[in-house]
Amino acid sequence: MIETMDQIFVLLQHWLMGLLPAALQPVAGVVLGVVAIVCLFPALFALTTVFERKGLARIQNRIGPNRVGPLGILQPVADGIKSLIKEDIVPLCADGVVHFLAPLLLVVAVFMGFAVLPMGRNMVLVDMDAGLLFFFAMGASTELSVFMAGWSSRNKYSLLGAMRAVAQMISYEVPLLMSSLSVVMIAGSLSLTKIVEAQNHYTWGLPHWYIFTPWGLAGFLTYAIATTAETNRSPFDLPEGESELVAGYHTEYSGFKFALFFLGEYLAMFSISGLGTTLFLGGWSAPFSFLGWVPSWFWFFSKMMLSIFVFIWMRGTLPRLRQDQLMNFAWKFVLPLTLVNLMVTVLWRFLGDGWQRWVFCSAILIVAYAGIGLAGMRRGHFGPRRYLYAE
Amino acid sequence: MNWAFYLIAALTVAGGLAAVLLKNTVHCALALTVAFAGLALFFLQLDAQFAGFAQILVYIGAVAILIVFAILLTRGSETPKGSVFSRNWLAGLAIAAGVFAVLGWAVLHSASVLPHETAAPTVTVLQIGNALMGRYVLPLEIVALLLTAALIGAVIVALHEKEGSR
Amino acid sequence: MMMQEGFVTFQTLGNGYVSPIVFYLWLIPALPIIAAGVIALLKQPKRKTASALAIGSLVISLFLSLVAFIHVISEPIMRSATAIIHANATGVLRETVNFTWIQVGAANVDLGWVLDPLSAIMLVMVSFVGLLIFIYSIGYMKHDENFTRFFCFMSLFAGAMLGVVIANSLLLLFMCWELVGLTSYLLIGFWYQKPEAAAAAKKAFITTKIGDVLFLLGMVWLFSQTGTLLFYNHGAGSIEAGALAGLLAQPAVRLGGGLTAAGAIGLLIFAGAAGKSGQFPLHVWLPDAMEGPTPVSSLIHAATMVAAGVYLIARVYPLMAAGALAGGTTTALTVVTWVGAFTAVFAALIAVAQNDIKRILAYSTISQLGYMMAGLGMGGVAVGIFHLITHAFFKALLFLGAGSVIHGCHGEQDIRRMGGLKADMPLTFVTYAIGMLALCGFPLFFSGFWSKDGILEAASHWSVARTPFYMLVFGVLLTAFYMTRQVGYVFFGYWRGGKTAHESPAVMTLPMVILALFAMGLGAIGTPAWPWFRAFLENRAVVFNLHGFAEPGLPALMIASTIVVFLGLGLGWRLYCGQAPKPEEPDVLERAVPVPWGWLRDKLYVDELYGVTVIAFYKWWARVADWLDRRVWGGAVAAVAWVFGLWSRLNRFLDNNVVDGSFDKGCEELAAGGGLLSRAQNGRVQTYLRILALGVVVLVLMLIWSSRA
Amino acid sequence: MTPLTGYLIVAAMLFSIGLAGALTRRNAILVLIGIELMLNAANLNLIAFWRYGPHPEALTGMMFAIFSIAVAAAEAAVGLGLVIQIHRHAHTTDLDRMNRMKG
């Protein structure tokens, strides 16, 4: 029974495949998986929007949407209908083809990333040997669509927003990759399923998740920071800053294309949270060995939603940064820390199994965090802006 | 030689052609990314998964972005009024055609001695990693050095000199 | 890749277990080096942080060194309890940790560290003396604005020196050796605003590099012969029996004069050691190195770095001693002995006529290093290293005392402008006197006596010649004499300087007191009655036995050396104490024997000799090259130009008179051709690319055509 | 036509297209785009020869391609940096107008 619950989606897929002739089965399997992902995550997106609005409302001491359906739970349906029937406005001088392709490319690239995420035991669409690389390759493609959207709108705010977004995403992609690399070094594989397997062990009932190691914790912190910037979420949401850029690169989009951007943004959040869960939080493995009977997909999705909650929480709490602060933070704080963390991971790898590696690695990381942090806090670093490159 | 090959080849060549023929520079850059993507698909078809993903990550994720940044920074994003081709474009075209003729002729004439269909090699990322860290560790280090040097060099070259500092 | 296993190979005698202290021995040098790195990042005003980091790291290193030392002492007891000692009756407890650094083809370049009695005692000595001098430096460098930089360099030096000590690979040793040389350069030139300091730093660097080049040659030779640079590697190391047998068994490289390949490599390595340890003829840099701050002179140029050469010879002693002749000595060791003995007397002679307080000590250091080398050559590792250890303590003490005197006299270094300081600086005087007596070898209560006696005893038994013995005894006399002269000038008589002197702060005197205690007490571990030190190095049991004094010849030797010491002291006292001349007047001895005194005062003209030989040769060579450039090559160019000039003049003549009409036409043609050609050089990238592509086409066509033909 | 021939022909086409672009366009950035195409064509050749060569398990061609990708990234960075600097200096990216060595 436990086994069946755990594998219920896999069994379902196989049952459906069994209804088809043998020649079509492989194709059908893939199609089923794709359909599942394409249906599931937009649904999650819809749910998340209403949760976000209600959560933000709670933080701001309001009630939030409560008119459509019980407790406002049907609000996304209303939103969806609205965006579908709204007029699709394309600016007169916009570059039509590029303007049209940009949201599509974004959503497609983001959806591709889900293909390699293991969402439960045996629940991965393509178990790729270089899964992590694939994920990042797809993530890198989204930058281009953001640029396309901003440039093709022929609007200076859009263009500025796009440039900001691309610069920010490129800058934070480096620490994102670097902090993931330490996991790769320890797990010895780029395959996400293998990374989860490597964490699915227990000592005294506690899991071997990488977040429970000094380098894993440090890596997770930098990963989380980079993730927030990569998905343009608050406090790094300046590409969309309403007060400065009138919503940035998607200013000139309306109707369903705008909804696609919105969807793409949330899907990126899901996928990158899912990756973080896989890399550091043990993926679909249970947090205690005695909870092993709970289906694995449940753990994956609860961990992912927990990360989403943290995103919402941060959005409700933190103010927005300035562009130069953002760049300084990426190159002068996060990147050095990830580099230190890489070296610590090497040390961890070769120090053997004793207690020494805990002491050494923790000590080095604490010293590095404190040192770089103190140096960054120093007066003058976050002072008034100097226009170095503006003409 | 299946339909996938022809499809990808058509995509890639079309992307490449568009990249050199279109008037608007940004369109050229975007067409170039199409060609890059086609090449990545070729790499996947050739069982070089790692190289394919690296191609996407490096070319689409970094080089294409660099190119569009450079276009915007040099104010080249507007469609130019006059000719986009240089004065001697005919000579250039002739030479390029000559090169293609010679290369194609050479390839077709040596088709008989080229190796035929072989079994797909199974290359895991682990093997690539071991090769990179073992046999190819020296080139790897040199490339790392080169990239560092290029990073610093590009920053210095592109760094704006303040007026009067010279 | 074999990353999981076999990253580090553990090799120990015994049952293959590596005790943690050996495994973490690398921390001892690493900590000061890390501290140096952190200090380097600090800003200049962070004085407290810098000194605290440097001293803190060295305290931990000292603690670890002591743990290692106790480990080495206690291990034989444990081993004999478990009867493993019988399995290794040959000897010395030696634990190593080796690992492969790089792989070049089939050859591995290994690095590693070793813990044996030799490295253990050196670790304790270096970190302890270093720590005291670090503490002293807080006081001495108090007013210097580059305090932070000073501690950075010092810390780096301490780490590198400890690295030299624990290295189990000639390569690792060489790396640390060069690092030590670098810090020495940096610290000599610490006050680089002074031209003398900058020149001295360059001189030190270049002179020691001459030795290091030969060292490198020896190292390469050794690697080519044995395929490894590890000292000890479970029987496969380069100075263990197997490799040595291989080195000796090669008749092809058996050189003249009984010199084997092992000996020749040893001599090349000795050249490096001679450079670092200031042995004649490469000693010239050491006196000039006194331009650095006094704690530097004390730590680097008296106690540790210059002793590194001696340590190196002790480390590769099996190589030097391999294939001993009948008399128990080898050509290599004979050379070492002669160089050492000559340096000992030579430097002592010069020291007699110097007037700079630190220069006297510098020549004394050279002389004592000569003693150590001679001791190594004649008596083996224990004799030389014992003198190294005792010397480190009392010479560091003397330098610190000299620093205290200089500090007290407001930067004055000329002993003729001092005097009567025993009343102004009592604590400095007492500790300095102790150091001086230890250096002279004052009988019984001072460590120098016992260690120097060991060397003299070894010299008296030496099978090759008696001359070194007499040279060394003469050196003892000179040592006692010049030290008494210095003390007489500085502490006795009346004050001849300007501003009155003052005693130094406690942070400076305390290290001196501690060092003084060691300068006296350390002799107790190496007396003939209780030769604990030798036993420790050679891993033998030691018993207290008063009959040790009664060995044949020993009492007579001790009495003789005592007499010589007293003779020197008495002479010095008679001539200098209480009646030292005024600064303007000539020295007492100078009045008596002006001509030889002048030679000695001018350091026996070695620098001048180099000036007129080596340096002059290079200058001449540079001039020759310059002349060749100007005259020969330049002349050739001028000649060609002239010929062409002539030719063109002829042309003009012809043109003007004969072919004027057709010439204009030709000119136009030429101009057109040039214009045509210049199109190819129009600075357009695309043109170049076009030509390149055409070239490709042509090449491919040629390739196909040639393969068809 | 064997598969290898097909890939080689496509690579030759891409190379020639890139060359044509590099030879005929005015804009320096577009010349760089052409060069990138040529490099990519070479990469395709490397991978194709590796795949159909006698020793695919030796990974030589693959490694060559990976290093070539890395070097091309460096080349693009430096090249575009130069173009930007030239634009600052001469206010043009037109190669036909960039024929003087004197600033």
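## Chain D: three helices

From the N terminus on, the elements of chain D run α-α-α. Chain D has three helices and zero strands. This is a predicted model, with an ipTM of 0.65 and a pTM of 0.57.

Chain D holds 103 residues, and 63% of them are buried. Look next at contacts in chain D with a separation of 6 or more. Of these, 49% link residues 24 or more positions apart.

## Confidence in chain D

The mean pLDDT of chain D is 85. In this chain, 93% of the residues reach 70 or more. Among its elements, helix H2 (residues 28–52) of chain D has the highest mean pLDDT, 90. Helix H3 (residues 60–90) of chain D has the lowest, 86. Where pLDDT is low, predicted coordinates should not be read in detail.

## Where chain B meets chain D

The contact between these chains takes 71 residues from chain B and 65 residues from chain D. Six helices of chain B each supply at least two residues of the side that touches chain D: H1 (3–21), H2 (25–45), H3 (49–73), H4 (89–109), H5 (125–133) and H6 (137–158). H3(B) gives the largest share of that side, with 11 residues.

What classes of residue make up the side of chain B that touches chain D? The side has 54 nonpolar, 14 polar and three charged residues.

## Where chain B meets chain C

This contact takes 12 residues from chain B and 10 residues from chain C. On the side of chain B that touches chain C, H4 and H5 of chain B each supply at least two residues. The largest share, eight residues, comes from H4(B). By class, this side of chain B divides into seven nonpolar, five polar and no charged residues.

The largest nonpolar core has 217 residues. Which members touch the most others? They are C:Val129, C:Met161, C:Ile313, C:Ala396, C:Leu472 and C:Ala519. Helix H16 (residues 381–408) of chain C supplies the largest share of this core, 18 residues.

Take C:Ile313 as an example. Leaving aside its neighbours within four places in sequence, C:Ile313 is in contact with C:Phe270, C:Ala273, C:Met320, C:Val336 and C:Leu376.

Most residues other than glycine have a negative phi, and most peptide bonds are trans.

Two are asparagines in loops of chain A. A:Asn61 has a positive phi of about 65° although it is not a glycine. A:Asn61 sits in the loop between helix H3 (25–59) and helix H4 (75–85) of chain A. Is A:Asn61 buried or exposed? A:Asn61 counts as exposed because it has 6 C-beta neighbours inside 10 Å, and the cut-off for exposed is 12 or fewer. A:Asn122 also has a positive phi of about 65°. A:Asn122 is in the loop between helix H5 (96–113) and helix H6 (131–152) of chain A. A:Asn122 has 16 C-beta neighbours inside 10 Å, so it counts as partly exposed.

The remaining place is in chain C. A cis peptide bond joins C:Phe280 and C:Pro281, with omega about 5°. C:Pro281 lies in the loop between helix H9 (261–276) and helix H10 (285–288) of chain C.

Notes. Residues are numbered from 1 along each chain as its sequence is written. Chains are lettered from A and ligands numbered from 1 in the order in which they are written. This is a predicted model: local features need pLDDT of at least 70, side-chain atom pairs count only at pLDDT 80 or more; totals for chains, interfaces and linings use all residues. Two residues are in contact if their C-beta atoms, placed from the backbone, lie within 7 Å. Helices (H or I, at least four residues) and strands (E, at least two) are DSSP runs, numbered from the N terminus. Ala, Val, Leu, Ile, Met, Phe, Trp, Tyr, Cys and Pro count as nonpolar, Asp, Glu, Lys and Arg as charged, and the others, Gly among them, as polar. pLDDT is the predictor's confidence in each residue, from 0 to 100. A residue is buried if 20 or more other C-beta atoms lie within 10 Å of its own, exposed if 12 or fewer, and partly exposed in between; C-beta atoms are placed from the backbone. A nonpolar core is a set of buried Ala, Val, Leu, Ile, Met, Phe, Trp, Tyr and Cys residues joined through C-beta atoms within 7 Å.
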